[in-house]
Amino acid sequence: MGALTKKVAIKKNILTKFFMFRIKHKFKNIVLLFFIFISNSCDKNQNIVPYVYVNQYVNISLPTYSSLNTIGGWVYISGGSKGIVIYRQSYNQFSAYDRQCTYNSGQGCGKVTLDSTNTYLECDCDNSQYQLFDGLVIQGPANYSLKNYQSSFNVSSNQLHIYN
């Protein structure tokens with residue numbers, strides 16, 4: 001009977017160690033997944049520009065917006081946090097970005113303007129540069145692209161809808 005008890009105790013000990021190993025391994029995986037999730041969520045473009053409701057229509061037939069009649073044309077309009085820049089990418093595709101710089105945006109500093117060569121947007125506060133085509137950072141210190149607004153274009157009425 002003593003030998004049988006020892007065998008049972010050994011099996012229990014082995015099973016306990018096996019299950020403890022599995023529990024520790026699963027716990028490590030859960031912790032690892034948690035840190036991967038947290039680190040990935042920090043790397044994505046965060047909406048550091050304050051949310052402002054935008055729902056504007058722009059009739060590009062009007063003389064004020066005539067530069068939008070050609071591909072590569074752009075114009076500033078009011079709205080958003082510090083204004084909006086609209087860029088015509090193709091015949092029926094437009095981009096619209098908030099003009100607020102994304103570096104130290106909480107300090108209220110910085111509004112982007114188009115450079116003298118009409119190729120990129122530059123922050124007047126920290127000299128960060130953003131691509132006009134898609135709002136991505138070309139040169140820092142900014143790490144986040146410009147806040148993008150949705151746009152839809154009605155070809156028959158020449159109406160551009162900018163919204164969030």
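**Figure 1. Overall composition of the predicted chain.** The accessible surface of the chain comes to about 10,600 Å², and 59% of that belongs to carbon and sulfur atoms (Shrake-Rupley method, 1.4 Å probe; for residues, only the protein chains shown count as cover). This is a predicted model, in which local features need pLDDT of at least 70 and side-chain atom pairs count only at pLDDT 80 or more, while totals for chains, interfaces and linings use all residues. Residues are numbered from 1 along each chain as its sequence is written, and side-chain values use heavy atoms, with hydrogens and water left out. One helix and 10 strands make up the elements of the chain (DSSP runs numbered from the N terminus: helices are H or I of at least four residues, strands are E of at least two). Their order from the N terminus is α-β-β-β-β-β-β-β-β-β-β. Of the 164 residues, 29% count as buried (buried is under 20% relative accessible area, exposed over 50%, partly exposed in between; 1.4 Å probe, protein chains only). Among contacts between residues at least 6 apart in sequence, 42% join residues at least 24 apart (contact means heavy atoms within 4.5 Å).

**Figure 2. The six-stranded sheet.** Six strands in the order β1-β10-β9-β4-β3-β2 form an open sheet with antiparallel pairing (two strands pair if DSSP finds at least two bridges between them). The edges are held by β1 (55–59) and β2, each with a single partner strand, so one side of each is left without a neighbour in the sheet. On average, neighbouring strands of this sheet are turned by 25° against each other, direction ignored (axes are lines fitted to C-alpha atoms, for helices over the stretch in contact; angles run from 0 to 180 degrees between N-to-C directions). Between β4 and β9, two bridges make an antiparallel pair. In that region, tyrosine 97 stands opposite asparagine 148 in β9.

Figure 3. Five of the five residues of β3 are buried. Ile84, Ile86 and Arg88 point one way from the strand, and Val85 and Tyr87 point the other way. On one flank, four bridges join β3 to β2 in the antiparallel sense, and tryptophan 74 has tyrosine 87 in β3 as its bridge partner. The hairpin of β2 and β3 has six residues between the strands, and glycine 79 in the turn has a positive phi of about 120°. β3 is also joined to β4, by five bridges and again antiparallel, with alanine 96 in β4 as the bridge partner of isoleucine 86. Five residues lie between β3 and β4 in their hairpin.

**Figure 4. The largest nonpolar core and a second one.** The largest nonpolar core has 14 residues, of which Val58, Leu68, Ile84, Ile86, Phe94, Leu160 and Ile162 touch the most other members (a nonpolar core is a set of buried Ala, Val, Leu, Ile, Met, Phe, Trp, Tyr and Cys residues joined through side-chain atoms within 4.5 Å). At least two residues of this core come from each of β2 (74–77), β3 (84–88), β4 (94–98), β9 (148–154) and β10 (159–163). Apart from it lies another core, of 12 residues, including Val85, Leu114, Cys123 and Leu146. Not counting residues up to four places away in sequence, isoleucine 86 touches residues including Val58, Leu68, Trp74, Phe94, Leu160 and Ile162.

**Figure 5. Serine 95 in strand β4.** Serine 95 is found in β4 and counts as buried, at 5% relative accessibility. Its side chain reaches the backbone oxygen of phenylalanine 133 at 3.2 Å. Beyond residues up to four places away in sequence, serine 95 touches Val85, Ile86, Tyr87, Gln89 and Phe133.

Figure 6. Another open sheet consists of four strands in the order β5-β6-β7-β8, with antiparallel pairing. Here β5 (112–114) and β8 (137–139) are the edge strands, each with a single partner, so one side of each is left without a neighbour in the sheet. The twist from one strand to the next averages 35°. Three bridges join β5 to β6 (residues 120–123), and leucine 114 stands opposite leucine 121 in β6. Glycine 135 lies in the loop between β7 (129–131) and β8 and is buried, with a relative accessible area of 0%. Its C-alpha atom is separated by 8.7 Å from that of tyrosine 120, 15 residues apart along the chain. Not counting residues up to four places away in sequence, glycine 135 touches Tyr97, Tyr130, Ser145 and Leu146.

Conventions: Polar contact = N/O pair within 3.5 Å; in protein donor to acceptor, adjacent residues only side chain to side chain.
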